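Please keep the sequence and the structure in view while reading.

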Amino acid sequence: MADIRMDEARYTDPENGDVQVVQLPGTNLRGGNIHYNEALHKGHLTCRFCDAAVHHHNGSKRIAGDNLNGASQHFHTNRGQTHGSDCAWPEINLRAEKTTAYNDHKGYKIHLNIPALRQVFKKQAGRLYVRNEEKKLINLVPDLEDRRPRSMDSLAAIIDLIKKSDTDRLRGSVVVNQGHIVPWDRFLVRHDYRGEKGQQRFGGLIRALQQGQTGPCLMEVFNDKAGHKGNRRMSRPMHWYTDDHGRDHVIVPTLWLEERGLYPLMTREGRYLALGYPRHHAQAQGPDKVVHYLNMSIRDPAQLAAASLPLIAQEAKANRQRRHGPA
Ligand SMILES: [Zn+2]
C-alpha cells in the first residue's frame with residue numbers, strides 16, 4: 001500500500017480506554033477533536049480508521065527550505081504496520097492526489113470504525129466464517145470507488161446519519177467492515193412483532209446467514225423484560241412461519257451483554273438498536289415449535305442505543321421538510 005500520510009489519528013487513553021481523535025498541532029480543530037500532545041499521546045496512537053499503530057512525524061522543518069523531501073508534519077504507520085483492508089485512509093489519500101470526483105447520486109460507502117466490532121468478529125471468525133472477502137472486495141471496487149466515504153465511530157453517529165441523510169441515498173448505500181460489504185437494506189433490520197414486514201426482514205437475515213452471507217448488521221430489538229436472564233436480553237418473539245409438519249417457527253433476536261457495565265444500558269422494556277455480527281441458532285422446543293435465535297454479542301456501549309427506528313424516521317422526515325419545505 002502506498003505511503004499514507006495522515007492528518008488525524010486515534011488516541012486511546014491507556015488508563016480508561018477513552019478514545020479521542022487527535023489532529024496535528026497548530027491545525028484548525030474539527031468538531032470534538034483535540035491537538036496531538038507528545039507528552040500525553042505518544043505511544044498510544046492508532047489509525048483513525050483501523051487498528052494500525054501510528055506515530056507523529058515532525059516533518060522536515062529542521063532542514064527548512066529543503067523541499068526535496070518536502071515532508072510537513074503528519075501521522076504515519078509504525079514500522080511493520082499496515083492499514084486494514086477496510087481502512088478509509090487509502091482512498092482519502094487517493095482523493096487528495098488525483099481529486100477523484102465522488103458521485104453524489106450514488107449511496108455512501110459507510111465505514112464502521114468501532115474497535116469493539118473487531119473483537120466480536122475475531123471471536124467468531126474461526127468458527128463461523130469462511131474468509132474470501134479479499135476477492136469480494138476486489139470485484140466490488142469499481143462500484144465502491146466513486147462512492148463518498150463516511151466514517152462512523154459509534155451507533156450514535158449512524159443514528160445521526162439516518163436522521164440527516166436523504167432516504168434514497170441511504171438506501172443505495174453500502175456498509176463496509178472488516179472485508180464485508182453489506183447493502184444498506186440488508187444492514188438495517190427493523191423489529192416489528194405485529195406486522196409481516198419485520199418477520200420477512202429477520203427471516204431474510206436468517207436465510208442469508210444460512211447461506212454463509214455474513215456481515216455487520218444494525219438490528220432493532222424489542223427488549224422484553226420477560227427475556228432478561230443474567231447477560232441475556234431476549235427480544236419479543238416474532239412468528240415466522242408454520243412448516244409442513246405443523247411446527248411453528250419463531251424468531252427471537254437475542255443480545256448477549258458481554259460486560260457487566262452494559263447491563264444498566266438495557267433495563268427498560270422497549271425498542272433498542274444493536275450493532276454487531278449476528279449469528280443464527282435454531283432450537284426445537286417440544287414437538288410443535290422451533291425457535292430461531294439471532295444472537296449478537298455486545299461488548300461496548302458504542303454498539304447499543306435505546307432508540308426506536310419509527311421515531312428516528314419521524315425525525316428524519318422533519319429534518320427533510322426543514323431542508324426542502326413540506327412535500
Ligand atoms: Zn488505517
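## Overall make-up

The secondary structure of the chain comprises 9 helices and 19 strands; helices (H or I, at least four residues) and strands (E, at least two) are DSSP runs, numbered from the N terminus. This is a predicted model, in which local features need pLDDT of at least 70, side-chain atom pairs count only at pLDDT 80 or more, and totals for chains, interfaces and linings use all residues. Residues are numbered from 1 along each chain as its sequence is written.

Of the 327 residues of the chain, 31% count as buried (20 or more other C-beta atoms lie within 10 Å of the residue's own, with C-beta atoms placed from the backbone).

An open sheet with mixed pairing is formed by 4 strands in the order 8-7-9-10; two strands pair if DSSP finds at least two bridges between them. Its edge strands, strand 8 (149-152) and strand 10 (180-183), each pair on one side only.

Strand 7 (residues 109-112) and strand 8 run parallel and are joined by 4 bridges. Within this pairing, Lys-109 has Pro-149 of strand 8 as its bridge partner.

## Helix 9

Helix 9 (residues 309-324) has 16 residues, which should span 22 Å at 1.5 Å a residue; the expected span is 1.5 Å times one less than the number of residues. The end C-alpha atoms of helix 9 are 22 Å apart, in agreement with that value.

The number of buried residues among the 16 of helix 9 is 1, so the helix lies largely in the open. Just after helix 9, Gly-325 adopts a positive phi of about 80°.

Terms used:
Buried ≥ 20, exposed ≤ 12 C-beta atoms within 10 Å, placed from the backbone.
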